[in-house]
Amino acid sequence: MRVPIDWLSEYVEVQLTPDKLSERLAMTGTEVARVFRHGPLADENFVVGKVLSAQQHPDADRLSVCSVDCGESEPRTIVCGAPNVAAGQTVAVALPGAVMADGTELGEVTLRGVGSSGMILAEDEIGIGSEHDGTMVLADGVAAGTPLSDVFAVSSDVLEPEVTPNRADCGGIYGIAREVHAATGAPLKAAPWAEDPGAATIATAPAGISVTVDDQGLCPRFTARVFENVTVGESPIWLKARLAGAGQRSISNVVDITNYVMLVSGHPLHAFDLDQIAGGELTVRAAREGEKLVTLDGEERALDPDICLIADRDGPTSLAGVMGGSRSEVSERTTRVLLEVAVWDGANINRTSTRLGLRSEASSRFEKGLSPEGALEAQAMATTLMLELTGGTLIDGTLDVGGEGPPAVVIRLRDARIVSLLGAPIERERSQQILEALGFSVQPADDGLDVTVPHWRRDDVTREADLIEEVARINGLESLPATLPLNRTGRAGGLSREQQLVRRAEDVLVGRGLCEIVGWSFADPTICDRLLLDHDHPLRSLVVIENPMSSAQSVLRPSILPSLLDAAAYNLARGAESCALFESGTVYRAGPSEAGMAANEHHGLGGIIIGPVRDPGWADARPPAARIETAHALVSSVLGALGIQWQVEDGELSFLHPGRTAMIRTADGLLGWFGEVHPAVAASWEIDQPIAALAIDIGRAAAQAPSPPFFSDLTSYPPLREDLAVIVPAGVSAASVVACVTQAGSPLVSRAEVFDVYGGEQVGEGRVSLALHVDFAAEDRTLSDEEVAPLREKIVTALKVELDGELRG
Amino acid sequence: MIERVAEIQKQAEAEISTAATSVALEQLRVKYLGRKAELPQLLRDVAELPAEQRGAVGRSANEARQTLEALIEAAAARFEAEELTAALADDNVDVTLPGSPVEAHGHHHLLSATRREIEDVFCGLGYSVVEGPEVETVHYNFDALNHGPAHPARARSDSFYIEGGGDGSEQTLLRTHTSPMQIRIMEQTPPPIALIVPGRVFRRDSDATHTPQFHQIEGLLVDEGVTLADLKGTLLAFARAIFGADRELRLRPHFFPFTEPSVEVDVSCFVCEQGTVAGGNRCSLCKGTGWLEVLGSGMVDPSVFAAVSEHGYDPESHQGFAFGLGIERIAMLKHGVPDLRFFYENDLRFLRQFG
């Protein structure tokens with residue numbers, strides 16, 4: 001919304017500069033997006049002139065040489081290009097020195113050999129409309145030399161306030177004036193609807209028209225007045241200038257009046273050509289399936305039964321609260337005008353304008369919910385202008401369906417409650433002064449004030465807290481003390497153990513040289529195919545967005561891996577030689593979840609490494625490329641940091657290399673996977689190197705971490721350490737060898753770890769040698785060789801029997 | 001005999017003191033203390049002396065031997081230290097070569113680092129951290145938070161709805177703010193509560209200053225006697241912890257459906273003096289205003305408490321405040337990141353500058 005200060009000043013005596021005023025408004029709840037100048041930068045050197053004579057320019061067909069009285073001792077000679085300039089006209093003149101809207105300063109010029117000492121203005125040259133073809137002719141009766149700004153608003157500073165959605169009353173300049181009054185103390189003048197020339201006609205409806213409202217819920221109030229003998233024509237300059245300052249185009253006097261009154265009161269109006277209303281009957285009703293309406297902008301609109309419209313005998317003629325219909329539009333031929341001011345259900349108007357993609361000045365005001373009483377205020381103000389500017393006469397009577405809103409409520413504002421909500425008192429007198437300035441009426445009460453809410457704040461101020469906000473915002477929050485809340489009950493706060501462990505897991509990966517990324521939750525539905533998922537794979541149950549911004553962002557990612565691949569591909573394409581990345585974030589599958597949430601969400605921790613395990617250095621020229629064992633080591637680091645017991649098993653995942661896929665299993669089930677990305681999947685991201693990858697459900701991992709860890713005595717009795725080299729058939733997994741050793745040596749084997757793998761000639765075809773560190777330990781004694789020897793025998797036997805293994809050497 | 005011992009000792013001491021190398025010293029050790037040397041021989045012969053001489057001769061010979069041994073040992077230690085020093089001096093490398101193997105140091109994403117920093121400030125103030133679902137229902141995202149039926153955020157042009165996601169208040173959408181957790185937590189936990197909710201949120205907006213996903217931290221504190229002044233103090237503590245000890249706070253009245261009164265919170269700019277930088281130019285960070293808008297907040301609206309009244313929340317006895325801030329915005333302000341897109345491009349050259 002645009003609020004020209006010049007216009008605002010008609011209702012409130014603005015005393016601050018525009019910048020100071022907008023700062024004050026911002027500090028009392030109305031942000032001002034910007035302040036700008038409409039029209040010339042200054043009013044000086046714009047005056048009224050009388051054309052004394054206009055003669056053909058001797059050397060130019062299209063120019064006239066005019067003698068213009070500008071109220072000075074001598075008339076000025078002004079060369080003018082307008083075809084309509086003529087002696088006797090009263091015109092607007094810019095004198096040399098005038099600074100035009102574009103910042104250029106007018107000088108004395110010579111046009112085709114004739115000196116011109118000023119410029120006779122066309123409308124567009126002074127920011128009113130786009131009319132350039134003709135001189136702007138002013139009404140007679142203003143003395144030559146009168147400053148132009150006395151005739152109309154040549155220029156004004158304009159505020160552009162961002163009205164919050166609760167303040168429907170600030171959709172009009174008078175509402176802003178009331179805010180300025182309350183916020184700055186500037187005197188507020190009477191509302192422009194205080195005098196209603198139609199006041200005497202309110203009791204009855206005008207003859208010859210009828211209005212039926214089918215659903216009062218959609219239309220709480222419908223008022224109408226009828227004007228006859230209306231002459232539709234151009235608006236006076238002052239009105240055009242006002243609308244221009246507010247950013248609106250002048251259309252005709254009748255339409256301009258409706259816009260003008262809306263801009264002041266915040267309440268939209270609509271003028272019908274009464275002779276185009278079939279039967280003089282209007283019905284407010286829901287649209288029927290398949291009904292259509294051509295709106296004022298010439299568009300044909302297909303309606304649905306949720307849309308509210310105004311129909312006459314011939315069908316729909318106006319889109320309620322959003323835009324009029326072209327059929328009943330006011331035209332140059334119009335002589336009888338039906339002026340409608342109604343109140344519509346905000347939610348329905350919002351839905352309609354969204355559904356039709358049609359937002360108008362009217363709909364944006366109606367959707368905030370306007371007060372029924374405001375409708376007659378707008379009628380009053382519009383009536384004054386219709387009588388003044390169109391030559392029309394008011395037909396007796398005011399049609400009113402619905403009437404006023406519910407009676408005003410009275411809310412107690414307790415002094416004590418102000419202190420308890422704000423933490424500082426506001427004097428009762430000050431509260432009263434603020435509330436009265438805002439239009440509330442106030443009666444003293446024992447413990448505070450009884451406050452009656454004016455109709456224009458009916459929906460917004462309904463509780464004591466709302467009143468406290470009013471007095472607090474106008475009183476100012478600058479002086480509010482800054483205190484900390486008491487903590488009587490001793491809340492400890494802090495991160496939960498799970499949250500600490502998630503951080504720990506992330507820190508482990510950072511410590512191992514990985515960079516964290518933040519990927520998009522959005523994904524392309526083709527992601528499933530790119531991951532080579534079977535058509536019935538569980539990851540295919542995607543969360544699908546109904547109204548995505550693009551198809552590439554129309555589902556939520558079912559895995560973190562694609563986000564990591566996206567980031568890797570992005571960096572590799574920009575010259576990165578290697579990538580070690582991780583993300584800690586949400587992944588999504590269609591719900592409902594076990595906990596009853598709408599989707600299955602879990603906190604995933606995923607990582608990938610492409611390229612060498614570390615950057616090559618001068619003493620380490622060729623570090624190995626990251627492979628599955630690199631991912632395995634990272635999983636070990638993360639889960640080890642969390643103290644989680646886990647096992648590896650062979651796995652199968654479509655997006656991983658089939659021979660290099662491992663699943664992470666704990667007592668609680670599968671916790672994730674690691675391996676190398678399938679080359680075909682990598683190729684889909686245009687990556688042609690091995691990609692070591694891992695993914696852990698870190699939310700579940702943190703939840704099952706031992707809490708708190710409990711002491712084991714590992715220091716009092718040192719372990720007995722042995723190394724075993726075992727030759728097993730090539731298909732036997734390291735994990736099964738470790739499990740066999742641990743089980744056979746139970747309970748004294750405290751650790752069994754593979755530290756070397758060898759598959760050369762010496763161990764024979766189809767066989768592989770694994771070297772293990774094995775620790776034997778007990779918590780209550782130091783073990784002797786004699787005690788361990790039989791266990792060692794048991795282990796050797798078990799390896800032989802269970803795995804066809806034999807000790808090497 | 002005793003004279004002879006003294007003579008040997010004197011001569012040996014003189015030679016040891018002038019020995020120049022550890023080799024020469026070793027020769028002296030053999031010469032005076034070796035198996036064939038005179039002094040040890042003298043000691044061995046003590047037994048053959050007459051009894052009345054044995055004690056005195058033995059003692060003097062023994063003392064002489066110990067003295068010489070000590071002298072040689074000291075000299076040897078000196079030579080060893082000197083030789084080590086010389087050897088180390090020869091064994092030098094170019095210390096300016098880079099470390100190797102190159103152990104890369106990883107980085108937290110700036111958004112994560114900022115989230116942790118903010119979490120830690122509030123943990124220090126006694127807040128807990130909770131997280132909630134990103135796919136929410138209209139009930140928790142709008143209805144229970146007092147959003148009117150015509151609130152623009154509900155529009156399909158503004159929020160992402162989920163396909164097949166139910167009707168009315170049970171319809172599902174991507175949460176547009178972290179505020180739904182206010183309701184979920186109050187349903188589960190009676191007052192007093194103090195918590196923050198970090199998380200990802202979604203709005204249908206994509207331009208220079210908006211991305212369709214971004215990150216917020218919600219704060220909620222409910223207890224007896226909580227005031228707007230307490231909110232101001234809390235946020236001042238936050239602002240000073242994040243942006244520096246000299247920061248001031250400004251509350252501007254505003255409107256949010258789920259707080260009343262509502263305020264927008266500005267922090268005094270940390271790179272300029274009231275809008276002007278050194279040299280008199282207008283500050284580009286705060287655009288010359290001297291203030292940076294950082295978050296929205298307010299006192300919990302009575303109608304929000306009404307939505308959870310059966311869980312022990314009564315607006316007559318309990319009050320609370322809530323606030324919501326954008327992690328991206330805090331990170332951009334604090335670190336001078338000029339464009340939101342950097343956060344989601346994940347360019348390593350960007351990531352490695354932070355965290």
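This is a predicted model: local features need pLDDT of at least 70, side-chain atom pairs count only at pLDDT 80 or more; totals for chains, interfaces and linings use all residues.

Visitor: How many residues does helix α19 of chain A have, and how far does it reach?

Guide: Helix α19(A) covers residues 785-803, which is 19 residues. From first C-alpha to last it reaches 26 Å, close to the 27 Å expected at 1.5 Å a residue.

Visitor: Which residues of α19(A) are buried?

Guide: Start with the general idea: an α-helix has 3.6 residues a turn, so residues three or four places apart point the same way. Here the buried ones are A:V788, A:L791, A:I795, A:A798, A:L799 and A:L803. Looking down the axis of α19(A), they fall within an arc of 100°, so they line one face of the helix.

Visitor: What do those buried residues pack against?

Guide: Their partners in chain A are β36 (720-729), α18 (734-744), β37 (749-758) and β38 (767-776). On the face turned away from the buried side, α19(A) carries the exposed residues A:E786 and A:V801.

Visitor: And what follows α19(A)?

Guide: Next comes A:D804, with a positive phi near 55°.

Visitor: Now the tryptophan. Is A:W673 buried or exposed?

Guide: Check its relative accessibility against the cut-off: buried means under 20%. A:W673 has 10%, so it counts as buried. You'll find A:W673 in strand β34 (residues 669-677) of chain A.

Visitor: Which residues is A:W673 in contact with?

Guide: Leaving aside neighbours within four places in sequence, its contacts include A:L561, A:F655, A:M663, A:I664 and A:L694.

Conventions: Residues are numbered from 1 along each chain as its sequence is written. Chains are lettered from A and ligands numbered from 1 in the order in which they are written. Side-chain values use heavy atoms; hydrogens and water are left out. Helices (H or I, at least four residues) and strands (E, at least two) are DSSP runs, numbered from the N terminus. The expected span of a helix is 1.5 Å times one less than its number of residues. Buried means under 20% relative accessible area, exposed over 50%, partly exposed in between (1.4 Å probe, protein chains only). The arc is that of the directions from the helix axis to the C-beta atoms. Contact means heavy atoms within 4.5 Å.
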